[in-house]
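Subject: Structure handover

Hello,

Here is the structure you are taking over. My notes on it follow below.

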Amino acid sequence: METSSAGQPATQPSSAEGPSAAGDPLDAVGQAFSRLRRASALSVGSPVSRKDMTRTLVLNIVDEGPERDGQEITVGVVAERLVVDPSVASRMVTDCISAGYLIRAASQQDGRRTILQMTDEGLAMLAAFRRHQRAAFEFITQDWPDGERRQLARLLIKYVDSVAQAQGASVEG
């Protein structure tokens, strides 16, 4: 066992800080995002099932709607935004339809195409999931000063908005 100069056991960085916490925080961001994704199903209140976690990915895309004029939300758009194979997106969408969260409808722009629309049950499920996410955020940051909690929320939203802008620029460029 390692000891410090005072003869006490040497302390390792806690797992909450991660191995890169002592260095440049920018070097630790990727690892932190990975850990955050793995922890996204934190059980606060009523737990969210793995299946519902997957369903909310699809429901959020349908709820967010088109990113540009003339775009409709189709299975292809879901696949594009989730960066998955169209067959995977199709299975995910079919599961949401089977659960009663989505319906297929005819496109008003092209009658050969099918678009996705949220049902009342889908809207209710997404609202419940968002309440769960807020409760998890509040639980995790319960010991933080209110200003820091709000700052993190603002910066996270700003970051996600910048990701969307960068994606749009890379598609156009």
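The largest nonpolar core has 18 residues. A nonpolar core here is a set of buried Ala, Val, Leu, Ile, Met, Phe, Trp, Tyr and Cys residues joined through side-chain atoms within 4.5 Å. Buried means under 20% relative accessible area, exposed over 50%, and partly exposed in between, with a 1.4 Å probe and protein chains only. Val58, Leu59, Ile73, Val78 and Leu102 have the most contacts inside this core. Two or more of the core's residues come from each of α2 (50-64), α3 (75-82), α4 (86-98), β2 (114-118) and α5 (120-140). Helices (H or I, at least four residues) and strands (E, at least two) are DSSP runs, numbered from the N terminus.

Some ground rules. This is a predicted model: local features need pLDDT of at least 70, side-chain atom pairs count only at pLDDT 80 or more, and totals for chains, interfaces and linings use all residues. Residues are numbered from 1 along each chain as its sequence is written, and side-chain values use heavy atoms, with hydrogens and water left out.

Overall layout

The protein has six helices and two strands. Their order from the N terminus is α-α-α-α-β-β-α-α. Of the 173 residues, 24% are buried. Take the contacts (heavy atoms within 4.5 Å) with a separation of 6 or more: residues 24 or more positions apart account for 44% of them.

Val58 sits in helix α2. Its relative accessibility is 0%, so Val58 counts as buried. Beyond four places in sequence, Val58 touches Val78, Leu82, Met92, Val93, Cys96 and Leu102. Met92 lies 34 residues from Val58 along the chain, with 7.2 Å between their C-alpha atoms.

Leu102 touches Val58 too.

Helix packing

First, the conventions. Axes are lines fitted to C-alpha atoms, for helices over the stretch in contact, and angles run from 0 to 180 degrees between N-to-C directions. Angles under 35 degrees count as roughly parallel, over 145 as roughly antiparallel, 65 to 115 as roughly perpendicular and the rest as oblique. A crossing is left-handed if the near helix is turned anticlockwise from the far one by less than a right angle, and right-handed if clockwise. For residue classes, Ala, Val, Leu, Ile, Met, Phe, Trp, Tyr, Cys and Pro count as nonpolar, Asp, Glu, Lys and Arg as charged, and the others, Gly among them, as polar.

α2 with α5: the angle is about 110 degrees and the axes are 10 Å apart. The two helices are therefore roughly perpendicular. Their crossing is left-handed. On α2, the contact uses Asp52, Met53, Arg55, Thr56, Leu59, Asn60 and Asp63; on α5, Gly122, Leu123, Met125, Leu126, Phe129 and Arg130. By class that is six nonpolar, three polar and four charged residues.

α2 with α3: here too the angle is about 110 degrees, with axes 10 Å apart. α2 and α3 are therefore roughly perpendicular. This crossing is right-handed. Leu57, Val58, Ile61 and Glu64 of α2 meet Val78, Arg81 and Leu82 of α3. The classes are five nonpolar, no polar and two charged.

α3 with α4: the axes come within 8 Å and cross at roughly 115 degrees. That makes α3 roughly perpendicular to α4. The crossing is right-handed. α3 supplies Val75, Val78, Ala79 and Leu82, while α4 supplies Pro86, Ala89, Ser90, Met92 and Val93. The contact has eight nonpolar, one polar and no charged residues.

One backbone detail

Which residue other than glycine has a positive phi near 55 degrees? Val83 does. Val83 is in the loop between α3 and α4. With a relative accessible area of 73%, Val83 is exposed.

Best regards
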